[in-house]
Amino acid sequence: MSDPELKARLAERFREVNGDHPMTAADDAYVTAWFTDLEDLCRAAGRDTGRVRRLMLDGRLPLPGYLRSDGVEMVPSDLFDLADQAGGVDALEEWFLAHWDDRATAEQEWGSYLDGQYVCLRSVTPRTIRYKDALVTAIEAAPQEPDAGSPAWNHRLHALIDELDALEPPFTAYDRLRFGGPVSRDRCIDAMRARYPRPA
């Protein structure tokens, strides 16, 4: 396939995964601020954009996190870091899976990683994926703890929320469309801070 054909097929695959939702001017501005043009990143890293698009389509590198309204594929600036840490694209899958004890969970996370949907993290690594999951679980369970509402509980809760806040970017309206509702920042950071204010 030619580069234009690869780009068109990648856009088609992106919409198969994320749905066909409009990107507003605000969405475009957010994505431009937080992500990188795939072609610019490949040029800076000395990589062939066509080959990278093929790797994405073959399920060996993640799909773009976003398609801007002008069709530009937007990716994390550290897109190639995990493959480099693993020793190359050929070793990436097994290296990634090895970070989980449970194979089924590992394969589910690998699928989400390849779909490019870990836009909920400032830096996508097995460690940050696992840590985010643990924080979300702890924050959602906090209101059921025996000492819920106490000063010590409030302090623990806000420490967890602050940790999650440091991991996650702000998100944009497009994310709430493709994920079908409130994102983890809405549920576990903004809503929890509003419901349980930090003591003065």
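**Pockets and helix packing**

Student: How do the residues of the lining of the largest pocket divide into nonpolar, polar and charged?

Tutor: In this predicted model, the lining of the largest pocket holds seven polar and three charged residues, and the rest are nonpolar. Ala, Val, Leu, Ile, Met, Phe, Trp, Tyr, Cys and Pro count as nonpolar, Asp, Glu, Lys and Arg as charged, and the others, Gly among them, as polar. The nonpolar residues of this lining number 13.

Student: Which residues of the largest pocket are the closest to its centre?

Tutor: The largest pocket holds about 310 Å³ of space. Of the 23 residues that line this pocket, the closest to its centre are F35, P76, D78, R122 and V124.

Student: Which helix gives the largest share of the lining of the largest pocket?

Tutor: A pocket is an open set of points on a 1 Å grid over the protein atoms alone, with protein on both sides within 12 Å along at least five of seven lines, and lining residues have an atom within 4 Å of a point; a cavity, by contrast, is a set where a 1.4 Å probe fits but cannot get out. The largest share of the lining of the largest pocket is three residues. These residues come from helix α5, residues 81–86.

Student: How many nonpolar residues are in the lining of the second largest pocket?

Tutor: By class, this lining has three polar and two charged residues. The nonpolar residues in the lining of the second largest pocket number seven.

Student: Why are α8 and α11 described as oblique?

Tutor: The axes (lines fitted to C-alpha atoms, over the stretch in contact, with angles from 0 to 180 degrees between N-to-C directions) of α8, residues 126–141, and α11, residues 184–195, come within 11 Å and cross at roughly 50°. Angles under 35 degrees count as roughly parallel, over 145 as roughly antiparallel, 65 to 115 as roughly perpendicular and the rest as oblique. The pair α8 and α11 is therefore oblique.

Student: Which residues of α11 make the contact with α8, and at what cross angle do the axes of the two helices meet?

Tutor: The axes of α8 and α11 cross at roughly 50°. On the side of α8, the contact (heavy atoms within 4.5 Å) is made by K132, V136, I139 and E140. On the side of α11, the residues are S184, R187, C188 and M192.

Student: Which residues of α11 meet α9?

Tutor: The axes of α9, residues 151–167, and α11 come within 10 Å and cross at roughly 135°, which makes α9 oblique to α11. From α9, the residues involved are L157, H158, I161, D162, L164 and D165. From α11, they are R185, C188, I189, M192 and R193.

Student: How many charged residues belong to the contact of α6 with α7?

Tutor: Helix α6, residues 89–97, and helix α7, residues 103–114, pack at an angle of about 130° with their axes 9 Å apart, which makes α6 oblique to α7. L92, E93, E94, F96 and L97 in α6 meet R103, A106, E107, E109, W110 and Y113 in α7. Six residues of this contact are nonpolar and none is polar, while the charged residues number five.

Student: With which residues is P197 in contact, leaving aside its neighbours within four places in sequence?

Tutor: P197 lies in the segment after α11. The C-alpha atoms of P197 and E109 are separated by 33 Å, although the two are 88 residues apart along the chain. Beyond its neighbours within four places in sequence, P197 is in contact with N154 and H158.

Student: How many helices and strands does the protein chain have?

Tutor: Helices (H or I, at least four residues) and strands (E, at least two) are DSSP runs, numbered from the N terminus. The order of elements from the N terminus on is α-α-β-α-α-β-β-α-α-α-α-α-α-α. The C-alpha trace spans about 60 × 40 × 30 Å along its principal axes, and the chain has eleven helices and three strands.

How values were computed:
Residues numbered from 1 in each chain as written. Predicted model: local features only at pLDDT ≥ 70, side-chain atom pairs only at ≥ 80, totals over all residues. Heavy atoms only, no water. Points joined across faces, edges and corners; volume = space filled by probe spheres on them.
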